[in-house]
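Good morning, and thank you for joining.

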Amino acid sequence: MYVKRVRTYIPGMDEILYGGIPERNIVLVSGGPGTGKSIMAKQFIYNGLTRGESGIFVALEEHPVSVLRSFHHFGWDVTKYEKEGKFAIIDAFTGGYGSTAQKEKYVVKNVDDVKELGEILRTAIKEMKATRVAIDSVSTLYLTKPAMARSIVMTLKRIISGLGCTAIFVSQVSVGERGFGGPGVEHAVDGIIRMDLDEVEGKMYRSIIVWKMRDTKISMVRHPMEITDNGIIVEWDKYLKITNFKAEIQPLPKEEVEEMKKSLEVKEKVEEIEIEEEE
Ligand SMILES: Nc1ncnc2c1ncn2[C@@H]1O[C@H](COP(=O)(O)OP(=O)(O)OP(=O)(O)O)[C@@H](O)[C@H]1O
């Protein structure tokens with residue numbers, strides 16, 4: 001059956017997802033500190049904006065001013081879209097204190113109350129007709145109450161997916177931790193993308209793996225990735241092989257490369273047909 005997909009437009013990312021994230025999926029982007037999770041969430045939102053899709057960024061980890069600075073650091077001018085009502089930051093960081101919060105439209109006063117966040121999110125999605133949401137980070141919501149993690153994630157998933165949006169939930173794990181954010185969360189979400197930073201013989205290697213993604217085929221290898229001044233680039237046609245003392249970047253078999261390429265072409269054709277039908 002044909003699955004409608006939301007392209008991330010992050011170089012190499014849609015290839016390893018065989019065409020993009022299936023629409024309405026809630027994707028956990030998990031990884032240790034500095035692995036690029038926040039950048040991925042921002043790039044997903046910004047790439048949607050430039051293609052006419054409204055987006056919402058829920059800031060739980062950073063002050064909204066820092067979030068904006070970080071978007072601009074990569075040359076992603078979200079301010080323009082904010083003025084047009086196509087982009088908004090939901091401030092779940094300041095608790096409503098300070099001069100920034102006074103000027104903001106969407107402020108969560110109490111992050112311990114997921115119902116408040118849910119209601120604000122629901123209002124924002126409807127007002128902006130948003131289709132993309134990023135929550136950075138969802139871990140912050142249950143840091144002090146891990147037993148509530150699953151129900152918090154399910155509440156947000158019901159609202160976001162129910163309103164037709166596709167989302168990235170950033171999940172923070174410790175360096176060296178193998179999990180993605182706890183069993184309750186890992187099974188509740190529709191997809192898991194894991195970002196890693198490994199030190200081998202004094203050199204750092206960035207990589208990315210799609211661990212699960214409901215309703216699509218996924219690449220089954222660890223791909224090298226880079227963070228540049230323009231954001232994340234996934235080396236979709238290569239894989240990273242790390243053994244005890246060695247890290248090697250190897251090309252993927254030709255057939256797989258061809259199949260990934262093809263998956264993107266197929267989607268474009270289907271979209272063209274749909275647009276024609278609408279007209
Ligand atoms: N212009 C750039 N060029 C190369 N690397 C960059 C650039 N800007 C940021 N980085 C890298 O991105 C990393 C931060 O990425 P990001 O904020 O997404 O991490 P994170 O996974 O969200 O971490 P945390 O969980 O600690 O917040 C920095 O450590 C830095 O190495």
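I shall cover an annotated site, a pair of helices and a hairpin, in that order.

This is a predicted model, in which local features need pLDDT of at least 70, side-chain atom pairs count only at pLDDT 80 or more, and totals for chains, interfaces and linings use all residues. Residues are numbered from 1 along each chain as its sequence is written.

The unreviewed UniProt entry carries a "binding site" annotation whose residues include Gly-34 and Lys-37; such annotations may be inferred rather than shown by experiment. Gly-34 sits in the loop between β3 (26–31) and α2 (37–49), whereas Lys-37 belongs to helix α2. Helices (H or I, at least four residues) and strands (E, at least two) are DSSP runs, numbered from the N terminus.

Which of these two residues is buried? Lys-37 is buried, because 27 other C-beta atoms lie within 10 Å. Gly-34 has 13 and is therefore partly exposed. The cut-offs are 20 or more for buried, 12 or fewer for exposed, and partly exposed in between, with C-beta atoms placed from the backbone.

Turning to the helices, α6 (residues 114–128) and α7 (residues 149–162) pack at about 15 degrees, their axes 10 Å apart. The two are therefore roughly parallel, a term for angles under 35 degrees.

Finally, β12 (residues 238–242) and β13 (residues 247–251) pair in the antiparallel sense over five bridges; pairing requires at least two bridges in DSSP. They form a hairpin with four residues between them, and Ile-242 stands opposite Ala-247.

Methods: Axes fitted to C-alpha atoms, helices over the stretch in contact; angles between N-to-C directions. Parallel < 35°, antiparallel > 145°, perpendicular 65-115°, else oblique.
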